[in-house]
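Please keep the sequence and the structure in view while reading.

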Amino acid sequence: MSVYPREPWGRTRDGEAVELFTLENGAMCARLTTLGATLVSLDAPDRHGQRADIVLGFDTLAAYESAENPYFGGIVGRCANRIGGARFTLDGREHVLSANEGHNHLHGGRRGFDRRVWAAEPQQGGGIRFHLRSPEGEEGYPACLEASAEYALGPSPAGARAQLLGLQLHANADAPTPCNLTQHSYFNLAGSGTILEHELEILASRYVVVDNELVPTGDLASVEGTPFDFRAPRRIGECIAQLADSPPGGYDLCYALDAPGVSLAARLRDPRSGRTLEIYTDAPGLQLYTGNHLDGIAGKSGVRYPRFGGVCLEAQHFPDAVHHPAFPSVVLRPGEVRHTTTIWMFSAQ
């Protein structure tokens with residue numbers, strides 16, 4: 001794998017310098033920026049060897065900083081997903097977070113980790129390691145938290161024609177704090193159009209039940225007999241019309257994965273290009289979001305991304321876990337290290 005020299009990519013509104021890195025291994029090419037440790041582009045071959053960019057995003061730094069950015073490709077934190085009421089109690093003390101989705105807290109608040117400039121260094125053997133320090137009180141969170149995200153691109157041990165992009169997330173803190181990091185790329189394996197014809201399989205028999213504000217109730221329910229059942233591969237668009245009148249207007253839910261450890265969580269395939277994406281993770285949950293609110297947003301090369309123009313498959317802990325003791329804990333305490341592995345494995349046939 002080759003790591004090209006860092007390139008300047010402009011300055012933020014606050015004057016911070018932002019850089020762009022390229023990872024290339026001959027078969028695939030990934031571009032990453034220090035703003036949000038964001039995956040800006042990912043070129044992958046189809047069954048004929050023709051490469052296309054299969055993640056949604058923007059051409060400019062200014063667009064990633066804009067209010068139009070729906071978390072394209074960034075590392076989301078300090079807590080991904082929703083925290084109901086934008087507050088929680090930890091060790092007897094209440095903490096009030098920034099409310100940026102009605103009265104709830106979403107994806108780390110008004111300026112989450114995807115809007116912060118991370119430090120970055122190429123790693124020996126290839127890959128890029130990003131690092132961020134989140135001070136105590138940022139967006140209302142307790143404790144000073146140190147986070148890192150290391151990406152690496154390479155061939156898969158599963159076969160000569162498969163390629164993988166790996167991500168290691170680490171976090172530690174100097175006092176108790178919730179932490180639920182994830183990566184928020186929107187995939188379109190066709191490279192254009194919608195993802196409704198993509199075939200999806202998710203290895204989960206239960207999902208996290210939410211209310212009308214998409215905040216968990218604390219219950220897990222079986223996918224059996226629901227539009228949420230992807231235990232066998234089927235088209236994303238097959239049952240999505242049944243969700244038209246639901247609050248998200250499409251898929252936006254967290255699955256409780258069946259297998260522990262670094263295991264296959266989901267498989268996504270585009271029949272037209274032959275591209276297949278397999279996701280392996282040790283996170284307990286996987287959020288499925290089908291780009292329900294894209295609806296014409298201007299992306300790369302001025303292309304208007306349609307509704308359902310990309311699909312997010314975000315490895316993470318369950319949302320709002322700070323309010324539900326039965327969920328796997330997201331509380332990070334001094335001396336602990338939160339480590340999450342996500343591997344995206346790509347092939348085409």
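## Cavities

Ala, Val, Leu, Ile, Met, Phe, Trp, Tyr, Cys and Pro count as nonpolar, Asp, Glu, Lys and Arg as charged, and the others, Gly among them, as polar. By these classes, the largest cavity has a lining of 4 nonpolar, 4 polar and 1 charged residues, and among the lining residues are L169, C179, N180, H317 and R338. A cavity is a set of points, on a 1 Å grid over the protein atoms alone, where a 1.4 Å probe fits but cannot get out, and lining residues have an atom within 4 Å of a point.

The model is predicted, with local features needing pLDDT of at least 70 and side-chain atom pairs pLDDT 80 or more, while totals for chains, interfaces and linings use all residues. Residues are numbered from 1 along each chain as its sequence is written, and side-chain values use heavy atoms, leaving out hydrogens and water.

## The sheet

Strands are DSSP runs of E with at least two residues, numbered from the N terminus, and two of them pair if DSSP finds at least two bridges between them. Nine-stranded and open, the sheet runs in the order 12-13-14-15-30-24-23-18-21 with antiparallel pairing. Its edge strands, each pairing on one side only, are strand 12 (119-122) and strand 21 (234-235).

Strand 18 (residues 199-202) and strand 23 (residues 263-269) are joined over 4 bridges in the antiparallel sense, and L200 has L268 as its bridge partner in strand 23.

Conventions:
1 Å grid on protein atoms, 1.4 Å probe; cavity = no way out; pocket = protein on both sides within 12 Å on 5 of 7 lines; lining within 4 Å.
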